[in-house]
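This briefing is for a reader who is meeting the structure for the first time. Please look over the sequence and the model before reading on.

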Amino acid sequence: MNNYLNKLPDVIDSVATNQFYPNLLSWLSSFITFDNAIVYSFEKGFPPRFLSKVEQRNSDSVNRIYQRGAYLMDPFYQEIQKGGASKVLTLKELAPKGFYHTDYYLNFYRKTGWCDEAGLLLEISTDRQLGIFFGNEERPFFSEKYTQAPLKDAFDIICSMARLHKEVLPHTVSSYYQQADMQTRFGLTPRECEIVELILEGKGSPQIAQALFISLGTVKNHRKNIYQKLDINSQAELFNLFMNKFSQ
């Protein structure tokens, strides 16, 4: 309980900043033990949008496979499509009979290295759901007593913070994300998408390095790769591309 109270103010204070989802995952570790976690936004008419992750090894390539179509076979995504109230579910509860012989498992899921998964599915609005997925690599998630009940107790708090976070995000960034997915449209990695978002917020390379806990040289390398993928040569062109093309 003390851990729960100590971390909650950090989450609340980070609403409307790029640290909200990382802080949310840190806070959720007070309720559930996991090896990996990833947050996706599911918006009607668009592929899932990556928001944040905590993991033992880099999984950008696996995430891209998921966002480019594997998500359609995900039992959690299929549950999200049904709509309804927020809920906590485990893979064992959702997986169809013969799941470990399906194309989804053989061609995608086993690449994640997860042996079991739990998902926190949150309805943010009528056309947007938030999926927070927890993965364990060597041990399963157990009964409702240990996995579901603590998270259910926090549902109202999590939903309120996530809805507030969405409402106060800068308009130019949030409106773009509702219309296009940078990862599928341009082949940007989740990290590159984060950097584009920060650039659009007016952050310079030193501020981006500080916000993402990476070196200035790494930021410069990411910016170079972003410009190459978008076929542009300057920050001004980046602003023009996103403001003119995606804010319509």
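In which helix is the place of H165? H165 sits in helix 8, which covers residues 155-168. The model is a predicted one. Its chain has 248 residues, of which 49% are buried, and its secondary structure comes to 14 helices and five strands.

**The chain as a whole**

- Among contacts in the chain with a separation of 6 or more, 61% are between residues 24 or more positions apart.

- H165 has a relative accessible area of 4%; because buried means under 20%, H165 counts as buried.
- Apart from neighbours within four places in sequence, the contacts of H165 are V15, A16, T17, F20 and Y21.
- Helix 2 is made up of residues 20-28, and its buried residues are F20, Y21, L24, L25, W27 and L28.
- Viewed down the axis of helix 2, these buried residues fall within an arc of 160°, so they line one face of the helix.
- An α-helix has 3.6 residues a turn, so residues three or four places apart point the same way.

**Y104**

- Y104 belongs to helix 6, residues 103-107.
- Y104 is buried, as its relative accessible area is 3%.
- Which residues does Y104 touch, not counting those up to four places away in sequence? They are Y66, A70, M73, D74, P75, F99 and Y109.

**D35**

- The loop between helix 2 and strand 1 holds D35.
- Is D35 buried or exposed? D35 has a relative accessibility of 16% and therefore counts as buried, since the cut-off is under 20%.
- With neighbours within four places in sequence left aside, D35 is in contact with V54, E55 and Q56, and also with G135, N136, E137, E138 and R139.

**The second largest pocket**

- Rolling a probe the size of a water molecule over the atoms shows where empty space is left.
- The second largest pocket holds about 330 Å³ of space.
- Its lining has 24 residues, and those closest to the centre of the pocket are S59, V62, N63, T112 and W114.
- Strand 1 (36-43), strand 2 (49-54) and helix 3 (60-67) are the elements that give two or more residues to this lining.
- Strand 1 gives the most to the lining of this pocket, with four residues.
- By residue type, the lining of the second largest pocket has 11 nonpolar, six polar and seven charged residues.

**Cavities**

- How many cavities of 30 Å³ or more are there? The count comes to two.
- The second largest cavity contains about 30 Å³ of space.
- Lining the second largest cavity are E79, I80, G83, G84, A85, K87, L121 and Q129.
- The lining residues of the second largest cavity divide into three nonpolar, three polar and two charged.

Methods: Residues numbered from 1 in each chain as written. Predicted model: local features only at pLDDT ≥ 70, side-chain atom pairs only at ≥ 80, totals over all residues. Heavy atoms only, no water. 1 Å grid on protein atoms, 1.4 Å probe; cavity = no way out; pocket = protein on both sides within 12 Å on 5 of 7 lines; lining within 4 Å. Points joined across faces, edges and corners; volume = space filled by probe spheres on them. Nonpolar A, V, L, I, M, F, W, Y, C, P; charged D, E, K, R; others polar. Buried < 20%, exposed > 50% of the residue type's maximum accessible area, 1.4 Å probe, protein only. Contact = heavy atoms within 4.5 Å. Arc of directions from axis to C-beta.
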